Amino acid sequence: MDALRCFEDNIELDRLDRESFLARHKLMGHPSLSLENLGKVLPALPPSNVMYSKSRLANGDDFETTFRDRPEGVSVSQVLESIRESSSYIMISSPEKHPSFHDLYRELKSDVEVLMRRRGIGGEALMSKLYLFIASPNQITPFHVDRYSTILMQFRGSKTITVFPQWEDAVVKSEDLEAYCDYERTKLPWSESLDKYGKPYTFAPGDALHIPFMAGHHVANGSDDVSISLSIIFNTDETMVWRNALCMNHRLRRRLPMVGRSVSPVGRSALRDQVKDFTYRGIGYVARRMGREW
Ligand SMILES: [Fe+2]
């Protein structure tokens, strides 16, 4: 059996993409994640991969659009220098483009693929990439969902991460989840009253947390230190079926309102989701052959 290199090997496989759970990673002290190395990596990456904000974020903010407007006249190196005293947030998409992250990415992807094979949900981590987050004490990551399965690892500072059930309509309505997955809108309705559905995790260096595909979550950094965390996001054969089924539902609702009103939500029946996935891919194939959008 393949051994895991980056995680302690007590991962609760049955819960993968069903429920959130804590694990432990073995990457503490990894040279790629030192502030010294990050100070070199950030300016060397393509600017579009390095997003940062100099304001305190709040739940209810649109997380995906927060970083579109860069703070004027402030470089990412300046943000990094003052991150302990300010309310800043740096998010790096695909740090694996930098040579100092090549090996780390390869090892993490390999571990994810070991877990997928053991669980029987494919052998290749699809659309996989890393995200690196560096944030000031007390900073907030607003409530959002990811179109991926996630394993998040903490390296410095502490935080509270609240994860919500994956297919709970009371947290995110099916219509909103589908539109989000299909990139039509990126802001989800939020109210503090939803917190009663969430499961809070206290997250410290050495901890890893699995966030299932499309499960809502928000994060509050501790007041003690700058937070450095890294995630690997990926899709499996199973989450790709869900992704396509969510997009199929969204397009049915948008184009055929009479039919759309009665479409069944995704994640309740594997067979129904597979039929929607098959149909979505089939229509997409025909549309592309005809040079049409759909
Ligand atoms: Fe996320």
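Colleague: Where is Pro47?
Modeller: Pro47 lies in the loop between α1 (35–44) and β2 (50–53). Helices (H or I, at least four residues) and strands (E, at least two) are DSSP runs, numbered from the N terminus. Residues are numbered from 1 along each chain as its sequence is written. This is a predicted model: local features need pLDDT of at least 70, side-chain atom pairs count only at pLDDT 80 or more, and totals for chains, interfaces and linings use all residues.

Colleague: Is Pro47 buried or exposed?
Modeller: Pro47 counts as exposed, because it has 11 C-beta neighbours inside 10 Å. The cut-offs: buried is 20 or more other C-beta atoms within 10 Å of the residue's own, exposed is 12 or fewer, and partly exposed is in between, with C-beta atoms placed from the backbone.

Colleague: How far apart are Pro47 and Ile92 in space?
Modeller: 9.5 Å, C-alpha to C-alpha. In sequence, Pro47 and Ile92 are 45 residues apart.

Colleague: Now Met153. Which strand is it in?
Modeller: Met153 is in strand β6 (residues 149–156). Met153 is buried, with 26 other C-beta atoms within 10 Å.

Colleague: What does Met153 touch?
Modeller: Leaving out residues up to four places away in sequence, Met153 touches His25, Leu27, Ala208, Ser229 and Leu230. Two residues are in contact if their C-beta atoms, placed from the backbone, lie within 7 Å.

Colleague: Zoom out. How many helices and strands does the protein have?
Modeller: Eight helices and 11 strands. The radius of gyration is 19 Å, close to the 19 Å that the globule rule gives for 294 residues, so the protein is as compact as a globular protein of that length. That radius is taken over C-alpha atoms, and the rule is 2.2 Å times the number of residues to the power 0.38.

Colleague: What does the C-alpha trace span?
Modeller: About 55 × 50 × 45 Å along the principal axes. Buried residues make up 39% of the 294 residues. Of the contacts with a separation of 6 or more, 83% are between residues 24 or more positions apart.

Colleague: How is the protein divided into domains?
Modeller: Domain 1 is 13–236 and domain 2 is 240–289. Those bounds come from an automatic or database domain assignment. The domain centres, taken over C-alpha atoms, are 28 Å apart.

Colleague: How many residues does each domain put into the contact?
Modeller: Domain 1 gives 15 residues and domain 2 gives 10 residues. On the domain 1 side, helix α5 (residues 174–181) supplies the largest share, six residues. That side divides into six nonpolar, three polar and six charged. Here Ala, Val, Leu, Ile, Met, Phe, Trp, Tyr, Cys and Pro count as nonpolar, Asp, Glu, Lys and Arg as charged, and the others, Gly among them, as polar.

Colleague: Stay on α5. Which of its residues are buried?
Modeller: Leu177, Glu178, Ala179, Tyr180 and Cys181. What covers them includes α6.

Colleague: At what angle do α5 and α6 pack?
Modeller: About 110°, with their axes 8 Å apart. That makes α5 roughly perpendicular to α6. Axes are lines fitted to C-alpha atoms, for helices over the stretch in contact, and angles run from 0 to 180 degrees between N-to-C directions. Under 35 degrees counts as roughly parallel, over 145 as roughly antiparallel, 65 to 115 as roughly perpendicular and the rest as oblique.

Colleague: Which residues make that contact between α5 and α6?
Modeller: Glu175, Leu177, Glu178, Ala179 and Cys181 of α5, and Arg243, Leu246, Cys247, Asn249, His250 and Arg253 of α6. They divide into five nonpolar, two polar and four charged.

Colleague: And how do α6 and α8 pack?
Modeller: Helix α6 (residues 237–255) and helix α8 (residues 270–289) pack at about 70°, axes 8 Å apart. They are therefore roughly perpendicular to each other. The α6 side includes Trp242 and Met248, and the α8 side includes Tyr280 and Arg281.

Colleague: Back to the end of α5. What follows it?
Modeller: Tyr183, with a positive phi near 60°. Tyr183 sits in the loop between α5 and β8 (199–203). Tyr183 is exposed, with 11 other C-beta atoms within 10 Å.

Colleague: Last one: what is phi of Asn138?
Modeller: Near 70°, a positive value in a residue other than glycine. Asn138 is in the loop between β4 (126–135) and β5 (140–144). Asn138 is partly exposed, with 13 other C-beta atoms within 10 Å.
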